[in-house]
Amino acid sequence: MRAAALVGIPIIAVLAGCSGKALNIVADPTPASAHQVVIYDYKFKPQALTVPRGTTVSWVNRDTAPHTATRRSISDEPFDSGNLTFEAGFSHTFQSTGTFHYLCIYHPGMQGTVVVE
């Protein structure tokens, strides 16, 4: 009986050392503000965002894989988040009006749009 009780101690110690971040557990990937894009499940959420000129849009990666938010065309206002690991973020202020398309360099099927009015 004593041996069985001792076997459980290391397992409890290992579980106690685990954190949600280490396991990449996200309770709610909903954007925290109207000007935030959350990257989750290999998608930009929301995929399309409309904002007034001069607005700062932020992206936060809540996915298990690294991603980017990078303009799709050289005619778009230049922005590139670089590598975003879990919980990393990036912000860009849109100074001109228009429709700006972006994608994840690592996963080109992941695409989004910011419409600036």
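1. Accessibility terms. Buried means under 20% relative accessible area, exposed means over 50%, and partly exposed lies in between (1.4 Å probe, protein chains only). Tyrosine 42 has 39% relative accessibility, so tyrosine 42 counts as partly exposed.

2. Ground rules. This is a predicted model, in which local features need pLDDT of at least 70, side-chain atom pairs count only at pLDDT 80 or more, and totals for chains, interfaces and linings use all residues. Residues are numbered from 1 along each chain as its sequence is written, and side-chain values use heavy atoms, with hydrogens and water left out. Strands are DSSP runs of E, at least two residues long, and helices are runs of H or I of at least four; both are numbered from the N terminus.

3. Backbone points to check. Most residues other than glycine have a negative phi, and most peptide bonds are trans. Tyrosine 42 has a positive phi, near 60°. Tyrosine 42 sits in the loop between strand 1 (36–40) and strand 2. Glutamate 87 also has a positive phi, near 70°. Its loop runs between strand 5 (70–71) and strand 6 (89–93). Glutamate 87 is partly exposed, at a relative accessible area of 36%.

4. The cis bond. Which residues does the cis peptide bond join? Lysine 45 and proline 46 are joined by it, with omega about 0°. Proline 46 belongs to the loop between strand 2 (43–45) and strand 3 (48–51).

5. Strands pair if DSSP finds at least two bridges between them. Four strands form an open sheet, in the order 2-1-4-6, with mixed pairing. Strand 2 and strand 6 are the edges, each pairing on one side only. The twist averages 20° from one strand to the next. For that angle, axes are lines fitted to C-alpha atoms (for helices, over the stretch in contact), and angles run from 0 to 180 degrees between N-to-C directions.

6. Strand 4 inside that sheet. Strand 1 and strand 4 run parallel over four bridges. Valine 38 stands opposite valine 60, and valine 37 stands opposite tryptophan 59. Strand 4 and strand 6 are antiparallel, with five bridges. Here tryptophan 59 faces phenylalanine 90 as its opposite residue in strand 6. Strand 4 is mostly covered: five of its six residues are buried.

7. Strand 3 and strand 8. These two pair in the parallel sense, over four bridges. Valine 51 has valine 116 of strand 8 as its bridge partner. Strand 3 has two faces: Leu49 and Val51 are on the covered one, Ala48 and Thr50 on the uncovered one.

8. Valine 116. This residue lies in strand 8 (residues 111–116). Its relative accessible area is 4%, so valine 116 is buried. Valine 116 and glycine 54 are 62 residues apart in sequence, yet their C-alpha atoms are 8.5 Å apart. Contact means heavy atoms within 4.5 Å. Leaving aside neighbours within four places in sequence, the contacts of valine 116 include Val51, Arg53, Phe94 and Phe100.

9. Aromatic pairs. Rings of Phe, Tyr and Trp (its six-membered ring) pair if their centres lie within 6.5 Å; planes under 30 degrees apart are stacked, over 60 edge-to-face, and the rest tilted. How many aromatic pairs result? The count comes to seven. The rings of tryptophan 59 and phenylalanine 79 have centres 5.5 Å apart and planes at 20°, so this pair is stacked. The pair links distant parts of the chain: tryptophan 59 is in strand 4 (residues 56–61), phenylalanine 79 in the loop between strand 5 and strand 6, 20 residues apart. Tryptophan 59 is buried at 1% relative accessibility. Phenylalanine 79 is buried as well, at 5% relative accessible area. Ring pairs join Phe44, Trp59, Phe79, Phe90, Phe94, Phe100 and Tyr102 into a cluster.

10. The nonpolar core. A nonpolar core is a set of buried Ala, Val, Leu, Ile, Met, Phe, Trp, Tyr and Cys residues joined through side-chain atoms within 4.5 Å. The largest one has 18 residues; Val37, Phe44, Val57, Trp59, Phe94, Tyr102 and Val114 touch the most other members. Strand 1, strand 3, strand 4, strand 7 (98–103) and strand 8 each supply at least two residues of this core. In soluble globular proteins, nonpolar side chains tend to be buried together. Phenylalanine 94 touches, among others, Val57, Trp59, Phe79, Phe100, Val114 and Val116, not counting residues up to four places away in sequence.
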